[in-house]
Amino acid sequence: MKTQLSRRAFLTTLAGGTMVAASGCSKVIDRIAQPDLPKELWLPSGANRHPIAHLLNRAAYGPRPGQLEKVQQMGREKWIEQQLDYQDVDDDALDWRMRRYDTLKWNAEDLMSLSGSDDFGGGDKDLVAYELAQMTLVRAVFSERQLYEVMVGFWTDHFSIYQFKNDVLFFKTVDDREVIRPHTLGKFRDLLKASAHSPAMLHYLDNTENEKSHPNENYAREIMELHTLGVDGGYTEKDIQEVARCLTGWGKNDDGEFEYHSAWHDDGEKTVLGHVIPAGGGKDDGDKVLEILVNHPSTSKFVCTKLVRRFIADDPPQNIIDACVSTWQSTDGDSRAVLRTLLNHPDFDTAPAKLKRPFELMVSLLRATNANYDGNRDLIDLLDRMGHRPFAWATPDGYPDKAVGWANNMLPRINLALDLINDELSGVSMDVWDIAERMDAERNAEKLLHNFGRLVFARDLTVTESASLWNFATDGSGQKPNLNDDKGRDQMLQTLGLLLASPAFQWR
Amino acid sequence: MSDNRTHLFTRRQWLQAATALSAVGASRVLWPAWLPRLAFASEGVKGDTLVCIFLRGGADALNMIVPFGDDNYYKARPLLAIGQPDSSDGVKALALDDFFGLNPDMRPIHELLMNGHMTVIHAAGTPNVSRSHFEAMDLMERGTNGAEAGIGSGWLGRHLMSTSAEGDSPLRAIGWSDKLPTSLRGYVSANALRSIADFHLHGDTRQTDQMAATLSAMYQDGGAPLSLSADATFQALELVKQIDVDKYRPANSARYDDSDLGRGLKQTAALIKAGAGLEVACVDHGNYDTHVAQGRSDGLLSGLLTSLSQNLRAFHDDMVDYMGKVTVVVMSEFGRRVQENGGGGTDHGHGGAMYIMSPHVTQTPVIAQWPGLNSDFLENGDLQITTDYRDVLSELLTNRTARTDLNIVFPGHSPKSVGAILKD
């Protein structure tokens, strides 16, 4: 399993152009791009999960073997700072994995030229929808810019766009690349403005149909209810109508780019949330609305509440929300600054458990076991069956972020871990015995169980875990499985599968 | 095609028979090979078992329940219209009353509609005007018209939550599909099953029982709501293991076909008869998105309608002894445009139809406040909605399930009476 060439050296060689056809060597790339494990893995002990593991379960998609000790050495604050300066984090290996997806860099016009399927899938449209979802999963699993990916996920839910409404998927690929990702760790104002000029959003929420003679209030309603003020943020039905009037004519052209149609615009005077917008403003009316919404106090409260829910608890504690709002207000809605406050808050380490949503469960499982994933569609289909395919929540409120929305249909969540350990996940490979060797546990079954538990949970196994799993491993006989024969090794493999399928792994 | 081997009772006769049967049901002499003996079966389901069939893709209600009394129907559909019942047309509707007729491919359910075992609510649907399939389906399954965003759960999920109690069956709610239907979201014990046979733990199949026991022990301390959900899953696994659906033989020679619908209904029947405590089953049917080649008796729609009505009839015949405590409801995300298109099909529309099968329905085959198909009465070319789908579902829950809280199931909606289904 050890690579001959160092990963860095290999990637440099690739970048130098000695290997041109990336697609021809994608298996090689997957292998070389896979993070190296340290020779000896550090295994936290004690009754409580190591606080760095907690950090990596919230500010990242779960720890990889070896990551804990790195972050510990660096210090948590420094790691957070490094993650916030995400552009300086080397992600070459990931970039190579991304090369297999053709449509990610295309503009809307080229994407729209793809055709050949109806609303129910198949053909080129499928390709576009899948590639964006596959890319999202691959990045979550492999990117070194973990906090950035977690926040991309947060804003993707906040400005949720459903790929499968009419032709939205063509524009969503552009929206992800040009709206969400560039502004993920920037100012909220810039993100909101980019989103309001995004053909994907305008099309998805019907603002492309919003004209003076037939106003369509859909986007006007959602931009206040879901993107800025929140449902109790202090706006009225009249405000929705007035915002809709301000946004008449904001749409897209035939090339799938933003275009303002002045002939559709209602140029009369409007009043939005008490602010008078004089007649004759043209496109500026909409820009003024965005400014009013960004500066409204409800917006910082609403968005910070959601952030605290995402990172801390289903019922977000008011003191942490207040701290975030205060930072938001003093930094003009700077996501980096707000995250710094949130992640360094004294109550962060004692936050209650959050249930992993299926995407987080899958990603954290692949990370925890240093599994390789070839970026195929099958895992996207599996996420779909678990109800959490990226960009597939039909309504604009985004995927639920509370346990009650996800704590049913448990069998697929359990089978996911059992499939992984039994090499039954398509395009996914992992090597338990390599990990065992690095934990000095490849010859002792009992040590393997306990060390694997410490690796994955960053604490000792509980009495229940240890008793239940060891009872299974020994088939109730107390007879230790022999790791020198296939039967014993398989029994331990199944035992570790159960450990990964256990409730502790379902929580972040 | 029509299967008359099963005698159809009148509703009154049926109810008398059902009362008599429930007394003998407990002392079944022969225990069929597929049927498990269930610990909690004695509790029983308090209200009806609800079977919800969703016709995916926007079913063309106008060619299913044909408004043959409306001239504008024939003007709008020169190629696709189904003939009047007394016309010389080779494809003609089966009269339901003096205005509506049934598509001839749906003949197997004609008798049910005429004898008070089924009813149709026409011009029904969601007030939301989305013509996107998925958005419309999603809103309908979540039981909202879009104004109450943030409701991540489905209407059935909330119904089940509002009625859940200690000792409920782990199989209260099933979606017969790969993924959990949106309507069931929010209820912790809901499961998605492709089939009874597919519902099992993966991993080493020789050790399934030991694996389940190990997991179950760990999930006891799993933290709410996970511990509850997992507990239901392990109980369901245990229960499902005992049901040998391959050996299940439907009663009265009822024949289900091999579609998702047929398989889902057949397994639903097996679980109900097994006394598994099933309260809600969701089944999908079709791809009703007939933009092209919709046809009359030979197109895409014809095959779907044949399968739909054969399976509905099979379920009815198979379940005839149980129907007093089962309600089937059929719906779709929207109907289709009144005017046929240039491709021999129909485009996305608005108003559609809902179907209810139960001996407790009204004796009226079609309930409709018909808005008319005259262009003055259309809404952007579509049939208007005169009955909110939530009114139908509210009535169904109120009259046929033990207890429900409509404020939770359909928040912000004040239900109106439809007169489709009765308490007794």
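Chain B contains 12 helices and 12 strands; helices (H or I, at least four residues) and strands (E, at least two) are DSSP runs, numbered from the N terminus. This is a predicted model, in which local features need pLDDT of at least 70, side-chain atom pairs count only at pLDDT 80 or more, and totals for chains, interfaces and linings use all residues. Residues are numbered from 1 along each chain as its sequence is written, while chains are lettered from A and ligands numbered from 1 in the order in which they are written.

**Chain B**
- Of the 424 residues in chain B, 55% are buried (20 or more other C-beta atoms within 10 Å of the residue's own, with C-beta atoms placed from the backbone).
- Among contacts in chain B with a separation of 6 or more, 73% join residues 24 or more positions apart; a contact requires C-beta atoms, placed from the backbone, within 7 Å.

**Where chain B meets chain A**
- In chain B, 44 residues are in contact with 47 residues of chain A.
- Helix H5 (133-142), strand S7 (191-192), helix H7 (208-219) and helix H8 (226-241) of chain B each supply at least two residues of the side that touches chain A.
- H7(B) gives the largest share of that side, 7 residues.

**Helix H18 of chain A**
- Helix H18 (residues 335-343) of chain A is largely enclosed by the rest of the structure, because 7 of its 9 residues are buried.
- The buried residues of H18(A) include A:Ser335, A:Arg336 and A:Val338.
- Their cover includes helix H5 (76-84), helix H9 (146-158) and helix H11 (188-196) of chain A.

Conventions. Buried ≥ 20, exposed ≤ 12 C-beta atoms within 10 Å, placed from the backbone. Contact = placed C-beta atoms within 7 Å.
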